[in-house]
Amino acid sequence: MKLFEKVEKKFIEIFNEAPLLVRSPGRVNLIGEHTDYNFGFVLPAAINKAIYFAISPRNDEKCDIYSLNMKDNFQFQIHELARSKKAWTNYLMGVVDQLNQEGFKIKGFNCVFGGDIPIGAGLSSSAALEAGLAYALNNLFNLGINKLELVKLAQKAENEFVGVQCGIMDQYINIFGQTNKVLRIDCRSLEYKYFPFNYKNISIVLFDSKISHSLASSEYNKRRKECREGVEIIRKEHSHVKSLRDVPIELLTEYKNKLNHEIYKRCKYVVEENSRLLNACDALMKNDLKTFGTLMSKTHQGLSEDYEVSCKELDYLVELTNNISSVYGSRMMGGGFGGCTINLVESNSVESLSDEILGKYRKKFKQGAKAYITTISSGTSIISKSEKG
Ligand code: GLA
């Protein structure tokens, strides 16, 4: 039985009616890390791991939700929202809270959800929850919210209700993802461009360190602050500078001795990463995946040494791929401090490479890592009758 069928079956078992079915994917990010909240560029893609929602409207204000993975349920009233100790519920209540704040009139709903995005692996299961529910409610109650507004609403749910100051990348790609395409998002103008990414001989392989990034949200907010501090100082003498996006490397270099060393390193990483991403897109246009991969590996170095959001497990997973010719590029992905590395690997050596890396990782850390071979899928959508078969 497919995952969405399990979700649907559970829904019918509990609520005894036919639901609307929505698929909401996780994401990878090829290059452009920690650049979104600095108004730079990112290059994510939606993947073949997703959360599935089965949902139907109610006539009262109650929301009755069951998580298939957690085997746990939760109820709340639309106008009585309070943060809960059950972390998963906050992502969902955050969406309802935003709809309330924006003045949308919704009723309660019944919902079962479940999926296969590993939690804490940096594949954005949280954005999949937020944007997936926002998308589902938009359809269920005919709210008429356009795609970009849905993205912003889901991001605000995380910023305000969950309390993580994330950028816009994860929710954006969740809604805008397309099969076999990566999406370059300009996080300042919010314009975007799709690039085909469909190479038979190259696979996107994730190695999951299984280190859950518990430090992530506090250190994440700290990095944001450090970047802002850098901007504030440069801005005193260059009033047009509103974010690191407005700072060319030459200008930053002038500030090397005026900025605290740590802040300088953070800013340097971000400025370099934006130009790396643009070069990576040029390489992609030429189908030059070797250059693309080399840029990814440079990103890892920057994240590890200058931005300091890696950890020894992620560094080791990347190090193990060094000098292996079938790996074009390897780097930690997402917020950091755990989660996955993303690797571009020649398809015919994926299996042997995975065996080797997972074996060495277990030996060193006495703990298993996992490998996921991902394909690039579409963004959040309704599962149609024909897909249901
Ligand atoms: C998390 C955030 C994103 C982005 C990445 C780092 O995934 O949710 O907004 O900042 O970290 O690139």
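Student: How many salt bridges does the rule find across the interface of domain 1 and domain 2?
Tutor: In this predicted model, the rule finds three salt bridges across the interface of domain 1 and domain 2.

Student: And what do the side chains of Glu33 and Arg331 do?
Tutor: The side chains of Glu33 and Arg331 meet in a salt bridge, with 2.8 Å from N to O. In general, side chains of opposite charge can pair when their charged atoms come close.

Student: OK, and how many residue pairs are in polar contact across that interface?
Tutor: Between domain 1 and domain 2 there are 18 residue pairs in polar contact, counting pairs in which both residues have pLDDT 80 or more. On the side of domain 1 that touches domain 2, strands S1 (20–29), S2 (41–42), S3 (44–57), S7 (181–186) and S8 (192–196) each contribute at least two residues. The residues on that side of domain 1 comprise 18 nonpolar, 12 polar and seven charged ones.

Student: Back up a bit, where do the two domains run?
Tutor: The domain assignment gives domain 1 as 3–198 + 377–388, and domain 2 as 202–374. Their C-alpha centres lie 25 Å apart, and the contact takes 37 residues from domain 1 and 47 residues from domain 2.

Student: What area is buried between them?
Tutor: About 3400 Å² is buried between domain 1 and domain 2, and carbon and sulfur atoms give 66% of that area. Of the area that domain 1 buries against domain 2, Ile31, Glu33 and His34 supply 20%, which is more than any other three residues.

Student: Which polar atoms lie 2.5 Å from a ligand oxygen?
Tutor: A polar side-chain atom of Asp36 lies 2.5 Å from an oxygen atom of the ligand, and a polar side-chain atom of Tyr220 also lies 2.5 Å from a ligand oxygen atom. For Gly335 it is a polar backbone atom, 3.4 Å from an oxygen atom of the ligand.

Student: Last one, what does the count of salt bridges come to?
Tutor: By this rule, the count comes to 22 salt bridges.

Key:
Residues are numbered from 1 along each chain as its sequence is written. This is a predicted model: local features need pLDDT of at least 70, side-chain atom pairs count only at pLDDT 80 or more; totals for chains, interfaces and linings use all residues. Side-chain values use heavy atoms; hydrogens and water are left out. Domain bounds come from an automatic or database domain assignment. Contact means heavy atoms within 4.5 Å. Buried area is the accessible area (1.4 Å probe) that two parts lose on being put together, summed over both. A salt bridge is a side-chain nitrogen of Lys or Arg within 4 Å of a carboxyl oxygen of Asp or Glu. A polar contact is a pair of N or O atoms within 3.5 Å; within protein, one must be able to donate a hydrogen and the other to accept it, and residues adjacent in sequence count only if both atoms are side-chain atoms. Helices (H or I, at least four residues) and strands (E, at least two) are DSSP runs, numbered from the N terminus. Ala, Val, Leu, Ile, Met, Phe, Trp, Tyr, Cys and Pro count as nonpolar, Asp, Glu, Lys and Arg as charged, and the others, Gly among them, as polar.
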